[in-house]
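The walk starts where two chains meet.

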Amino acid sequence: MLFNSFSYILLFLPAVLIIVAVAKRRGGPIAAQVAILIASIIFYAWFRWTNLVFLAASVLANWYLAKRIAGAKDETRKRWLQAGLIANIAYLCTFKYVNFLLGSLPFMHGHEHLIPDLEFPLGISFFTLTQIMYLVDCYERVVKPSSLFDHATFVSFFPYVISGPLATVKRTRKQFRNFGGTPGAYAPMIARGIYLFSLGLFKKTVCATAFSQIADYGFNNAVHRSSLETFIYSATYCFQLYFDFSGYSDMAIGTADMLGITIPRNFDAPLRSKSIIEYWRRWHVSLSSFITTYLYTPILRSFGKASLPKAMLATFLAMTIAGLWHGPSWNFVIFGVLHGVALALNSAWTKKSPIRLPGWFSWLLTFCFVDIAFIFFRSPTLAAAMQMLHDLFSVHHALSTSNLTAMRANFSWPIFGPPIAVGVATAFFGESSEQMAQEFTPTWKTTILSGAALTVAAVFMNSQISATFIYFKF
Amino acid sequence: MKTSAWIATTLLLFALGCGLVFGSSYAIDLFGIFHDPSGKRLSVHHNERTAKFFLNERYVPVNFNALLVGGSSTSNFRMDALDFARFYNESLYGSNAVEEKRLVDEALRRGHFRFAVCVINPYLLQSHEFNEGGGIPPRREALGSVNLLREEFYAGMQRLRHSPSSFWPDGGQAMPPSKGRLDTDLEFTFKYDPIALEAFKQTLDELRASGTRIIFLETGVYEPVYQKHRQQFDEFYSIFPLRRADEPLVNFNNPQYATFRNDESLWVDAPHLTDAAAEEESVELNRVIHAEEAELLALPDSQRLKR
């Protein structure tokens with residue numbers, strides 16, 4: 001079930017809200033939590049019920065591992081953590097990278113049938129990372145191990161189980177008592193949730209769809225692209241991904257708000273960033289936080305005494321791993337490497353260079369770099385990405401618009417033009433939707449904005465256009 | 001504003017907004033789905049794939065009793081030149097047999113058609129994917145969707161500017177003018193896509209099963225291009241597996257039409273005739289059918305079904 005589907009908005013979500021509220025009133029917090037757990041199981045099984053086996057196996061194994069980590073001492077404790085990390089990474093790799101690794105072996109060429117075609121369980125990248133954080137936090141004694149009931153509720157919580165935001169046990173578990181709301185504070189949370197959900201729905205179904213009309217054409221159909229066209233195609237993909245993923249995150253956070261709990265924010269107007277360091281503080285914030293805490297810091301610690309070159313190397317390694325986490329493709333590895341190098345250079349520049357670039361130039365540089373890196377993210381193959389790069393820096397017909405002219409025949413400016421204009425304006429100049437939700441007050445302005453966003457989104461949802469979220473495949 | 005009032009107002013605005021969109025779509029009824037479309041003259045305004053799908057739900061079955069199933073080479077054929085039935089032109093730009101099947105299936109759900117002129121050419125059978133990633137739009141799209149909004153917008157603009165749509169109420173559409181000299185190096189693909197071929201076979205079987213008399217049409221190609229690929233064209237048509245012996249074929253690549261085909265001024269590009277030439281060919285199609293199939297045209301439906 002997708003957040004941007006009528007079945008979710010008109011049936012599932014209202015039903016869950018009512019059932020959880022009734023359960024809370026009649027049976028207390030435990031009954032509300034039971035209702036949430038059942039709803040999460042139904043939500044997850046909706047996509048493919050066999051996936052439940054993989055989720056359940058992961059939940060059970062990590063619940064057990066956490067208990068053993070908490071119960072053990074010294075070296076045994078460390079061994080249990082190591083076993084847990086290896087098991088989780090192996091579990092993820094089995095589904096995500098087996099084909100990639102075996103396919104990369106020269107002697108496997110032409111023997112594709114030897115490679116097992118493993119079904120990819122939805123959300124495995126996210127619920128595995130969530131549980132890695134949980135095991136490390138148990139080891140570090142940041143949290144105590146959860147009961148199986150709490151752990152299953154935490155991992156499978158339907159707003160974030162498929163694509164995040166990545167939540168931590170420390171912040172989330174203590175809120176379980178709030179499922180179904182707390183007296184006096186619930187109505188404002190529901191209102192804020194509806195507001196954020198409506199903004200997210202608009203971003204995903206209207207803005208991301210509008211940008212995808214141009215980006216998809218550019219990446220799939222255009223030939224002999226000029227530099228200008230290539231830049232426009234990669235920029236529109238950048239906007240598409242931003243509105244798609246941040247829209248999804250808004251809907252996840254909004255849904256959690258409506259259920260009475262707060263989960264981490266994920267985007268903070270990243271396309272306004274003036275450096276790559278700032279960009280990663282604003283883009284996919286929960287993943288950036290994971291990379292910093294659970295990858296970068298341990299890597300840097302393993303190098304001994306910290307220094308700038310070591311920090312740069314740790315950044316590079318952490319981002320390369322993060323790139324590979326996105327999927328089994330050299331394109332994602334290169335995406336991670338590019339960002340790793342850029343972050344390392346950005347750190348060095350900030351610490352060592354006396355030169356301070358003008359703000360507009362820093363922004364332009366950052367935006368152009370992000371665009372170029374996304375060419376690798378979007379292109380289906382490495383060869384296609386290299387062709388795009390070649391087109392981008394081709395000087396022979398830098399300003400030609402023949403592809404854009406050809407695209408115009410099938411592109412409806414009256415329908416997709418306004419969302420594109422709204423999208424560019426809000427991404428560059430407006431507040432992020434999560435910020436808007438933080439500052440939410442119940443006024444006529446917000447109610448009209450929310451009602452209009454929901455209505456326009458409903459019209460787009462009722463249309464035959466791509467509905468799935470880009471980040472579902474990761 | 002109280003929070004509870006805000007929640008209620010927002011949900012109410014959402015419901016009102018949806019009601020307004022769906023209600024106005026119902027009232028405008030651009031595709032003749034919600035009200036009786038008998039005698040109306042409805043046409044595509046922008047996106048022919050979606051619009052024709054919806055027009056085939058009621059408008060085509062109610063107002064027409066014959067179909068032209070083809071691609072862009074017949075999209076500007078004049079249906080009023082075919083005087084033995086009321087033809088609707090199902091041709092789409094860049095069409096293939098799978099897309100055409102989608103339209104015919106929709107028309108056959110409610111309609112009965114005496115004749116179907118079915119075009120056979122390499123374009124229709126070389127691929128099977130829905131152009132524009134379309135597929136079959138859900139019916140609820142007619143109540144309010146991006147595709148509908150787009151059609152309504154262009155319909156409104158055409159009315160405001162008093163400029164008629166380039167699409168006609170019988171499904172045809174005007175061809176853009178030629179861009180200069182014809183490209184004689186145009187390449188064709190002569191491979192049958194098995195899925196497209198199967199879709200075409202199913203379309204023909206469904207038409208036959210509903211008692212529709214099928215007339216095959218081989219559309220002409222600009223003579224120098226035709227001669228360049230003649231062997232491949234001949235092989236393509238000679239092995240065409242789906243025509244039954246009793247089903248007539250009108251072939252505009254026959255030598256008798258060579259002079260017509262050789263006139264560069266009649267072509268927009270190698271497979272597409274200008275509107276005037278397409279009208280001429282439509283008249284000729286009508287003449288040939290009258291001359292060679294007069295007996296069949298005179299048969300009442302019941303006897304045609306038996307044959």
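Chain B and chain A bury about 2500 Å² between them, where buried area is the accessible area (1.4 Å probe) that two parts lose on being put together, summed over both. Carbon and sulfur atoms give 69% of that area. Trp6(B), Phe14(B) and Val146(B) supply 28% of what chain B buries against chain A, more than any other three residues. The contact (heavy atoms within 4.5 Å) takes 30 residues from chain B and 32 residues from chain A.

This is a predicted model: local features need pLDDT of at least 70, side-chain atom pairs count only at pLDDT 80 or more, and totals for chains, interfaces and linings use all residues. Residues are numbered from 1 along each chain as its sequence is written, chains are lettered from A and ligands numbered from 1 in the order in which they are written, and side-chain values use heavy atoms, with hydrogens and water left out.

What polar links cross between chain B and chain A? There are seven residue pairs in polar contact, both residues at pLDDT 80 or more. A polar contact is a pair of N or O atoms within 3.5 Å; within protein, one must be able to donate a hydrogen and the other to accept it, and residues adjacent in sequence count only if both atoms are side-chain atoms. Zero salt bridges are found across this interface. A salt bridge here is a side-chain nitrogen of Lys or Arg within 4 Å of a carboxyl oxygen of Asp or Glu.

On the side of chain B that touches chain A, two elements give two or more residues: helix 1 (3-28) and helix 6 (146-160) of chain B. Helices (H or I, at least four residues) and strands (E, at least two) are DSSP runs, numbered from the N terminus. Helix 1 of chain B gives the most, with eleven residues. The residues on this side divide into 15 nonpolar, ten polar and five charged. In that scheme Ala, Val, Leu, Ile, Met, Phe, Trp, Tyr, Cys and Pro count as nonpolar, Asp, Glu, Lys and Arg as charged, and the others, Gly among them, as polar.

Now turn to chain A. Chain A is divided into domain 1 (6-186) and domain 2 (188-473), with bounds from an automatic or database domain assignment. Their centres, taken over C-alpha atoms, are 25 Å apart. In the contact between them, 44 residues of domain 1 of chain A meet 39 residues of domain 2 of chain A. The two domains of chain A bury about 3500 Å² between them, and carbon and sulfur atoms give 72% of this. Phe100(A), Pro165(A) and Tyr186(A) supply 18% of the area that domain 1 of chain A buries against domain 2 of chain A, more than any other three residues.

Twelve residue pairs are in polar contact across this domain interface, both at pLDDT 80 or more. The salt bridge count between the domains is zero. Helix 1 of chain A brings the largest share to the side of domain 1 that touches domain 2, nine residues. That side holds 30 nonpolar, ten polar and four charged residues.

Pro165(A) sits in the loop between helix 6 and helix 7 of chain A. A cis peptide bond joins Gly164(A) and Pro165(A), with omega about 5°. Ala269(A) has a positive phi of about 45° although it is not a glycine. Ala269(A) lies in the loop between helix 9 (227-259) and helix 10 (276-282) of chain A. Most residues other than glycine have a negative phi, and most peptide bonds are trans.

Over all chains, the whole structure has 21 salt bridges. One of them joins the side chains of Arg192(A) and Asp257(A), at 3.2 Å, N to O. This pair links distant parts of the chain: Arg192(A) is in helix 8 (residues 186-220) of chain A and Asp257(A) in helix 9 of chain A, 65 residues apart.

Finally, confidence. Chain A averages a pLDDT (the predictor's confidence in each residue, from 0 to 100) of 90. Chain B has a mean of 87. In chain B, confidence is lowest in helix 13 (residues 301-306), at a mean of 48, and highest in strand 2 (residues 87-89), at 97. Where pLDDT is low, the predicted coordinates should not be read in detail.
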